[in-house]
Structure formats: C-alpha cells, structure tokens
Amino acid sequence: MSFFCGKYPIIEKRTLAKGIYSVIIDAPELADEAEAGQFANIGIPGFTLRRPISICEIDRERKTLRFVFEVRGKGTYALAQLSEGDSLDVLAPLGRGFKIPEGKKIIVVGGGIGVPPLLEIARETSSLCTAILGFRDYTRIILNDEFEEFGTKTILCTDDGSVGVHGVVTTPLEEELKSGNYALVCACGPEPMIRAIIKICEQYGVPCQVSLEQRMGCGVGACVACSCMTVRNGEEHYARVCKDGPVFNAEEVKLGG
C-alpha cells in the first residue's frame, strides 16, 4: 500500500471535549488509500519527531481525512494551536488497519481516546455494527452522536456512572456476545481493557482484532523503536507496531499482566 508525505490544508477544526480536538484535512490521495485503523505520522514545527495520530474518519467523496487527538504533551499542545487554513505536515496512511468481514455483525469497543479509530468502522458497517464506548465521566464523552448517526447501536459506559452503564466496557460486551451472532470484535484503548476484551472473546469463541498503542519514531518500520512481542505458530517474534500493526489479531499479541 502506498503512503504519501506532504502538507495538507486544515478545512475544519473543532473542540470535542477539554483537551480533545477534531481536525479535518483536504487530502485526496490519502483518502483514496486509507483504511480504518491506519494512522498518520504528523510533523509539528519545532519538534524533531513526528506524532502518530490514528485516522478517525475517511470521506472518499469529500476527499478528506479526519483526526481526533488529545493534548498529552508539548507536541500535541502545539498541534492543537493550528487553525483552519493552516497546513498539516502528514505522512500517511501508515500501518495495517482492521480487516472487516462484509455483511457480518461486528462489535467495536473503545476506551477514551481509543474511540476515534473505530468511527470509520461504524461509517462502513452502519447498522451491522454495535459500538461500546467507555469514558471516565460525562465530560470526556466524544463521538457517540456520530456513531449513532451512522446507524450504529451505541452503548456508553462511564467509570462514575454519570452516563450509561456504570462501570467498564466488558460488562455490556459480554452481554452482547451472549445474545448476538457476532463475527468479530475490534478494540482500541488502554492495555488492561484490551487484555480483558481478548479474554472474553476467547471465552465466547469470537475473533478479535486489537489496535495497539506504542511510542514510535519513524512510523514506517525502519527504526524499530515501537517493537512489541507477538506469537505466531507457537513462536515469539518481535513485531513493529507501526508497520506490522497497529492492528493485530488478538491471538498474536503478547501483552503484559
């Protein structure tokens, strides 16, 4: 798959929650190539290393890509200062995305800032998709209305019970797997959440794909800074999250804990 490096105009910028921003760029060649679950490595003026940001939404008709990111440090703070009309320095689309079966029911499970990479799946699968989205509290909820606009059954969970299910995403996930004939679960979020989801999917015999977070350097597999342990054919191998992932089949990943 091809990737491109260039500067693309920001045509829309919005604040979704405190410290969380949505940016849409006009990028025809990127929109033609990108897949759900891939990411971009974004250059920020004044910083040597690019920042990896998941692709949130691909609009092939408008020829745009959308990114949703959270300010977590100086680099993402500087990124948040860009405005509509500014250009974004983008290397994309990178990595391997989700492989979604056609015409089958699926579940996407996201936690916090792990929710945005799953929105494109909902766009592509509509009513065949059930989204289980977990947040700390109601002030951190993002994108739920957009999942619903795509016709996706959307279940919200909050740690404090301020909205939706009081507790973790695994409770409604298990309920859905008991009652529905699902072909796949796709997950993105904190590692403890990913471990729990993998365990439940194994219990119910449902395939699972997970998107992993890892510190990255080059973003194209050259520097191996983002290596993680995987298991294939019973043997352990180091894989590069940026090139071999960020999406992996659950049975391939070896997580701590």
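Trainee: Which residues have the most contacts inside the largest nonpolar core?

Mentor: First, this is a predicted model. In general, nonpolar side chains of soluble globular proteins tend to be buried together. Here the largest nonpolar core has 32 residues, and V109, L173, V185 and I197 have the most contacts inside it.

Trainee: Which element gives the most to this core?

Mentor: Helix α6 does, with six residues. At least two residues each come from β6, β7, β9, α5, β11, α6 and β12. Take I197: beyond its neighbours within four places in sequence, its contacts are V109, V169, T170, L173, V185, A187 and C208. A second, separate core has 27 residues, among them C56, F98, L118 and F147.

Trainee: How do I read the sheet? In what order do the seven strands stand?

Mentor: Strands of a sheet pair through backbone hydrogen bonds, either parallel or antiparallel. This sheet is open and mixed, ordered β10-β9-β8-β7-β11-β12-β15. β10 and β15 are at the edges with a single partner strand each, so one side of each has no neighbour in the sheet. β7 and β8 pair in the parallel sense over six bridges. I106 stands opposite C129 in β8.

Trainee: Where does α6 lie?

Mentor: Across β7, β11 and β12, running at about 170° to β11.

Trainee: And α5: which of its residues are buried?

Mentor: T170, P172, L173, E176 and L177 are buried. They cover an arc of only 160° around the axis, which puts them on the same side of α5. K178 and S179, on the other side, are exposed. The buried residues of α5 pack against β7, β8, β9, β10, β11 and α6.

Terms used. Residues are numbered from 1 along each chain as its sequence is written. This is a predicted model: local features need pLDDT of at least 70, side-chain atom pairs count only at pLDDT 80 or more; totals for chains, interfaces and linings use all residues. Side-chain values use heavy atoms; hydrogens and water are left out. Buried means under 20% relative accessible area, exposed over 50%, partly exposed in between (1.4 Å probe, protein chains only). Helices (H or I, at least four residues) and strands (E, at least two) are DSSP runs, numbered from the N terminus. The arc is that of the directions from the helix axis to the C-beta atoms. Contact means heavy atoms within 4.5 Å. Two strands pair if DSSP finds at least two bridges between them. Axes are lines fitted to C-alpha atoms, for helices over the stretch in contact, and angles run from 0 to 180 degrees between N-to-C directions. A nonpolar core is a set of buried Ala, Val, Leu, Ile, Met, Phe, Trp, Tyr and Cys residues joined through side-chain atoms within 4.5 Å.
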